[in-house]
Amino acid sequence: MTDLTNQVAIVTGASRGIGRAIATLLALQGAQVVCVARSEDELVEVAHKVNGLAIVADVSDEQDAQLVVGGTLSRYGRLDIVVCNAGVGSFNLLENFSSEEWDRMFDVNVKGTFLLCKAALPHLKEQRRGHIVGIASDASKRTFVHGTAYGASKYAQHAVLDALRREARPHGIKVSVIYPGLVDTHFNESKPGAPEKEKTHLQPLDVAQAVRYVLEAPAHVAVDELMLHPMTQEW
Ligand code: NJP
C-alpha cells in the first residue's frame, strides 16, 4: 500500500463539493494539501481545516496553473499528487446553449486539466514518480439529452488523461481517472443536503474514498479507471 503521509497533493475545486471532501480525506491520511479554487473565503476555510495551503486560482488560466505548481513547490519543496477535480456543468438542448457557455465548460473541464498537468509534469518527470487523478464523469462515456456540451467536455477531459497515461507511465507517473455518477454537491447550482438525495446520489465522501483507493494502491499497481454510481441511477 502507498502511504500518503507527508505526500504533497494539489486538489483543484477544493472550495466545496467533491474537491473539499478529497482535500479533507487526504489530509486525514497525513498528506499536505494545497487547496485551489476561485472563492477565497471558502477556500481559506477549507485550507485552515486541513492545515494546508490555499491558492486562489482559476484553473483555466495558464499563468494561474503555473503559479499553483510554483507556490506548492516553494512552500513544500515537492509535489506528489495532482487531483484535477475543478469542473462546471450546465444542461440544455443544443440549440439553447450559448457559445460562451460551451467555452466555459471546455475552459474549466478540459483546458483546466490540460494546464495543470502541463505545469506539474516537468517536476513529476524529474522525480520519476507522481500520481495524477482526474475527476471526470460517467458522462465521459455515455451521451444523453441536454448533455451535448458537458458530455463533450467530459469526453475530452477523459481523452486528455487517457493519452497522458500512455505518455506518463514510462516516467513512473500514474494517471487515474474517476468517473462518478450523480453526486450531492453544488454542481450545476444544486443545493446539497436534501434527505431524499441520500438514496439517489453519491456523497462527496464516496468519491473521495475512490480517490484515496487509487492513491493508496501499491507502487506496482496502476488503477487506471474507477467508475461509481448510486445504486438507484440507471447506467
Ligand atoms: O461541483 P461543485 P462538484 N477555477 O460545483 C471549482 C464532476 N462531477 O464538486 O472556483 C478553479 O460543488 C469550484 O470552486 P470556485 C464535475 O464535473 C460531478 O460536484 O470557488 N476552480 C468548486 O470548488 C467536476 O469536475 C458530478 O467556484 C473552479 C468546484 O470546482 C467535479 O465532479 C457528477 C473553477 C465545483 O464544485 C467536482 O464537481 C459527475 C475554475 N475556473 C462528475 N470553476 C455531480 N456533482 O453530480 C469551478 O459525473 N471551480
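**Aromatic pairs and strand pairing**

Q: At 21% relative accessibility, does Phe106 count as buried, exposed or partly exposed?
A: In this predicted model, Phe106 has a relative accessibility of 21%. Buried would require under 20% and exposed over 50%. Phe106 therefore counts as partly exposed.

Q: How many degrees lie between the planes of Phe91 and Tyr150?
A: The count of aromatic pairs comes to five. Phe91 and Tyr150 form an aromatic pair with 5.1 Å centre to centre. An edge-to-face pair needs planes over 60 degrees apart, and the angle between these planes is 65 degrees.

Q: How far apart in sequence are the parts that the pair of Phe91 and Tyr150 ties together?
A: Phe91 belongs to the loop between β4 and α4, whereas Tyr150 belongs to helix α5. The pair therefore links parts whose separation in sequence is 59 residues.

Q: Is Tyr150 buried or exposed?
A: The relative accessibility of Tyr150 is 8%. The cut-off for burial is under 20%, so Tyr150 counts as buried.

Q: Are the rings of Trp102 and Phe106 stacked or edge-to-face?
A: The ring centres of Trp102 and Phe106 are 4.9 Å apart, with their planes at 20 degrees. Planes under 30 degrees apart meet the cut-off, so the pair of Trp102 and Phe106 is stacked.

Q: Which residue stands opposite Glu225 in β7?
A: Strands β6 and β7 pair in the parallel sense over four bridges. Glu225 is on the uncovered face of β7, together with Met227. The residue opposite Glu225 is Val177.

Key. Residues are numbered from 1 along each chain as its sequence is written. This is a predicted model: local features need pLDDT of at least 70, side-chain atom pairs count only at pLDDT 80 or more; totals for chains, interfaces and linings use all residues. Side-chain values use heavy atoms; hydrogens and water are left out. Buried means under 20% relative accessible area, exposed over 50%, partly exposed in between (1.4 Å probe, protein chains only). Helices (H or I, at least four residues) and strands (E, at least two) are DSSP runs, numbered from the N terminus. Two strands pair if DSSP finds at least two bridges between them. Rings of Phe, Tyr and Trp (its six-membered ring) pair if their centres lie within 6.5 Å; planes under 30 degrees apart count as stacked, over 60 as edge-to-face and the rest as tilted.
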